[in-house]
Amino acid sequence: MLVKKILLSFVSFLFIAHTGFSQANGNYDQHEAFAPIFYPAFGDEVRTAAGTPGPKYWQNEADYNIHVTLDDQNHSISGNVQISYKNNSPESLPFLWLQLDQNIYKSDSRGELTTPVGGSRYANPGFSGGYTIQSVSVIYKSKEQQIHFIINDTRMQIFLPEALKSGGDSLKINIVYNFGIPEHGTDRMGRMETTNGWIYTIAQWYPRMCVYDNVLGWNTIPYLGAGEFYLDYGNYDFTITTSSNQLVVASGQLENPSEVLTPEQIKRLEAARNSDKTVMIRTENEVLNKTGRLSKAKLVWHFTCKQARDIAFASSSAFVWDAARMNLPDGKKSLAMSVYPIESASDSGWKRSTEFVKGAIEGYSARWFPYPYPNAVNVAGNVGGMEYPGIVFCHALARGGQLWGVTSHEFGHTWFPMIVGSDERKYPWMDEGFNTFINSVADKDFNHGEFASKHQYPERAARFFQPTSEPIMTIPEVTREQYLSINAYDKPGMGLELLRYDILGEERFDSAFRYYIRNWAYKHPTPWDFFHAMENASGEDLSWYWRGWFINNWKLDLAVTNVEYAESNPANGALITLQNREKLPMPVTIEVEEEGGKISRINLPVEIWQRGPEWKLFYPSSRKIIMVTLDPDRMLPDIDESNNVWKAN
């Protein structure tokens, strides 16, 4: 009877205490946090509510055949590209749009004219470049003809003599062009002078098709520097003609090694394909002595790359080159390679690069989705870190943990956005943030956590909620430059960590994340497709989380405010009062310490906040409670930890 009486009095007390909490005590509103309508539209036959491509999903295809010459005296690229474009959409297309990203280097480009007076990481003072388009023609129905085109900034619109029909009609576009290579190419490409020659890291080096999709039609946002890329998938066949002293590495597979490599290099490459240890392909001594190249007037390097959204290459007379085998799921193999100047060849620097490439890619492949390319090349240059299919550019001065971090990050981009092809111009967090998250997992996996560090979430979160902070769902050019790394990398990366460790748990999260990757591999997901996929695969309504962490910039401030005993007797149990004083709800872990040393933990679901900003928990204490700690492992992005601990007087 005593227990029943105590419980009845608790029920009455709970009701009075709960209704007595005023909304004026904080910013939390459960009606806003758990509003029933979140998605702007229902699923359809193109993009389902299950977070998968529907039975009528489509995307267009673009195959590229490219032939260029690298002039290492005048620092320029010249040649031609033929684009085979297939219209799989349900609409006829009277015109097509292409991206001319090199035009950002014109003196009157939008990127140049919107550069702040104080400069920017994407600025390129003193260089005036851009494409020179010499001719544009179209082959349609076996007939080639010159066509009318308009170039506006970094876009080119070509007008077709006859509309490209829906449902699989195709044509070919021929473009002859050239451009000068900038020394500093908006942090994505460029050239760097070393003792033994220039290193060229070449990207955005051919006119590329804009994406036509069922979301916006033509995606024609100009290239201003901060926003990256949105590209269709296709197959690439390309040649790069260079002087004989150059060594070229590129996306995809080298098709003519006997024409551009020495017999000894071919032999060493074969050894590397069968070695888990790094094998030297071109040594430091060979670079110093200017050997290890063929005696020819010119070299024509022929590469192919399949089912890719872009390609890049690097060329230099200064490259030291090494390689090792990568072991992928289902017994598949690939080749990790690194090229770097002698100046970078230290034991703690680029001599470990191939080890880092191998470790990162093997880990990502085993945990998330298999690596798809025959090679993975890490290139040392003056680019801080930039990714392309099968090849990345990292800074030549990086070493130790910094080199591991940038290598792991840039090759992590193989999965986002090279495999899962999101729109980086609008949603950088879907590639940078997702990649930042998988990097954090890789840090723990690689070499027994050699470069892993435990992040305390409150300190990290403090940077997210400054007075001028912006939501994750902000396009790069609108985001203040000092917050771009937070909005694109850190905050969405932490967002997935919170999902994995605090909201869903590792098993459910990993399964759902693989479901998302698998369904959207080589396709174009939107944020809503990601949200749908994670909810359907995990079995959770996460709209409260998407709304607070990604769409808005809601803060979290949880507090433990009081402990009271039933009938003032600790042996009868205690009421512990928790409050949510900001707008974001989250699951809660509390730790209770009693006299005598007993410590207990209680995990409370996010649903405790559906009833309001205060929750009272009955804890079956047997002795006096000494301390209650909210989030004892500091795994929540709580902006005020001063109210996370209650201590007995």
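Asp-631 is situated in the loop that joins strand 31 (625–630) to strand 32 (645–647). In this predicted model, Asp-631 has a positive phi, near 55°, although the residue is not a glycine. Most residues other than glycine have a negative phi, and most peptide bonds are trans.

**Backbone exceptions**

- Asp-631 counts as buried, because its relative accessibility is 7%, below the 20% cut-off.
- Tyr-522 also has a positive phi, of about 65°, and is not a glycine.
- Tyr-522 belongs to the loop between helix 13 and helix 14, and with a relative accessible area of 14% Tyr-522 is buried.
- The peptide bond running from Phe-416 to Pro-417 is cis, its omega being near 20°.
- Pro-417 itself is part of helix 9.

**Helix 13 and its surroundings**

- Helix 13 comprises 15 residues, 506–520.
- From its first C-alpha to its last, helix 13 reaches 21 Å, close to the 21 Å expected at 1.5 Å a residue.
- Tyr-522, with its positive phi near 65°, follows helix 13.

**Glu-497 in helix 12**

- Glu-497 lies in helix 12, which spans residues 481–503.
- Glu-497 is classed as buried because its relative accessibility is 5%, under the 20% cut-off.
- Leaving aside residues up to four places away in sequence, Glu-497 touches Phe-437, Ser-440, Tyr-457, Arg-460 and Asp-502.

**Cysteines**

- Zero disulfides are found in a search of the whole structure.
- Cys-305 is in no disulfide, and the nearest cysteine sulfur, that of Cys-394, is 18 Å away.
- A disulfide requires cysteine sulfur atoms within 2.5 Å, so the 18 Å between the sulfur of Cys-394 and the closest cysteine sulfur, in Cys-305, is too far for a bond.
- Cys-305 is buried, with a relative accessible area of 1%.
- Cys-394 is buried as well, at a relative accessible area of 0%.

Definitions and conventions. Residues are numbered from 1 along each chain as its sequence is written. This is a predicted model: local features need pLDDT of at least 70, side-chain atom pairs count only at pLDDT 80 or more; totals for chains, interfaces and linings use all residues. Side-chain values use heavy atoms; hydrogens and water are left out. Helices (H or I, at least four residues) and strands (E, at least two) are DSSP runs, numbered from the N terminus. Buried means under 20% relative accessible area, exposed over 50%, partly exposed in between (1.4 Å probe, protein chains only). Contact means heavy atoms within 4.5 Å. The expected span of a helix is 1.5 Å times one less than its number of residues.
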